[in-house]
Amino acid sequence: MELLKPQRGPVFDVHTHIAPFPNQPGTVAEETVQLALDVMDATGIARVADLNGGFGERLRGNVAQYKRLASSRIVTFANLDYTDPDDPQYAKRLIHLVED
């Protein structure tokens with residue numbers, strides 16, 4: 001039984017987690033990005049979508065880091081801040097987060 005068939009054209013992995021968790025502070029480390037690129041190269045993956053981009057400053061930092069180190073090979077998704085959903089201002093905070 002053949003499990004993997006040769007791919008034609010570039011492979012785009014649309015479900016990747018490069019950074020550990022969206023709620024951890026700070027930008028993804030350069031070494032982590034390089035490891036991801038090494039794995040991508042070794043497995044024939046042209047581009048990935050990192051689903052742990054984060055939000056706020058972390059998201060901005062990750063986007064800049066990926067652009068600097070990986071050009072267009074890593075696309076990042078924003079995450080929402082689910083802290084204190086019972087707060088009456090919760091919806092307004094999420095709107096501001098997305099607009100920011």
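**Ground rules**

What you see is a predicted model, in which local features need pLDDT of at least 70 and side-chain atom pairs count only at pLDDT 80 or more, while totals for chains, interfaces and linings use all residues. Residues are numbered from 1 along each chain as its sequence is written, and side-chain values use heavy atoms, with hydrogens and water left out.

**The overall layout**

Let's start with the parts list. The protein chain has three helices and three strands. Here helices (H or I, at least four residues) and strands (E, at least two) are DSSP runs, numbered from the N terminus. Read from the N terminus, the elements go β-α-β-α-β-α.

How much of the chain is buried? Buried residues account for 29% of the 100 residues. "Buried" means under 20% relative accessible area, "exposed" means over 50%, and "partly exposed" is in between (1.4 Å probe, protein chains only). The accessible surface of the chain is about 7,200 Å², and 59% of that belongs to carbon and sulfur atoms. Such areas come from the Shrake-Rupley method with a 1.4 Å probe, and for residues only the protein chains shown count as cover.

Contacts tell you about the fold too. A contact means heavy atoms within 4.5 Å. Among contacts between residues at least 6 apart in sequence, 73% join residues at least 24 apart.

**The sheet**

Now for the strands. They form an open sheet of three strands in the order β1-β2-β3, with parallel pairing. Because β1 and β3 stand at the edges with a single partner strand each, one side of each has no neighbour in the sheet. On average, neighbouring strands of this sheet are turned by 20° against each other, direction ignored. For angles like these, axes are lines fitted to C-alpha atoms (for helices, over the stretch in contact), and values run from 0 to 180 degrees between N-to-C directions.

What holds strands of a sheet together? Strands pair through backbone hydrogen bonds, either parallel or antiparallel. Two strands count as paired if DSSP finds at least two bridges between them. Strand β1 (residues 11–16) pairs with β2 in the parallel sense over four bridges, and V11 has I45 in β2 as its bridge partner. Three bridges join β2 to β3, also running parallel, and there A49 stands opposite V75 in β3.

Helices lie against this sheet. α1 lies across β2 and β3 and runs at about 135° to β2. α2 packs on the sheet as well, touching β2 and β3, and its direction makes about 170° with that of β3.

**A closer look at α2**

How far apart are the end C-alpha atoms of helix α2?

In α2, the buried residues are G56, R58, L59, G61, N62, Q65, Y66 and A70. They pack against α1 (30–43), β2 (45–50), β3 (74–76) and α3 (90–99). As background, an α-helix has 3.6 residues a turn, so residues three or four places apart point the same way.

Take N62, which sits in α2. Leaving aside neighbours within four places in sequence, N62 is in contact with G26, T27, V28, N52 and G53. A polar atom of the N62 side chain lies 2.7 Å from the backbone nitrogen of V28.

Q65 is also found in helix α2. Apart from neighbours within four places in sequence, Q65 is in contact with T27, V28, A29, E30, V33 and A70.

**Two loop residues with positive phi**

Most residues other than glycine have a negative phi, and most peptide bonds are trans. S71, in the loop between α2 and β3, has a positive phi near 50°. D84, in the loop between β3 and α3, has a positive phi near 55°.

| Residue | Relative accessible area | State |
|---|---|---|
| N62 | 0% | buried |
| Q65 | 12% | buried |
| S71 | 54% | exposed |
| D84 | 44% | partly exposed |

Key. A polar contact is a pair of N or O atoms within 3.5 Å; within protein, one must be able to donate a hydrogen and the other to accept it, and residues adjacent in sequence count only if both atoms are side-chain atoms.
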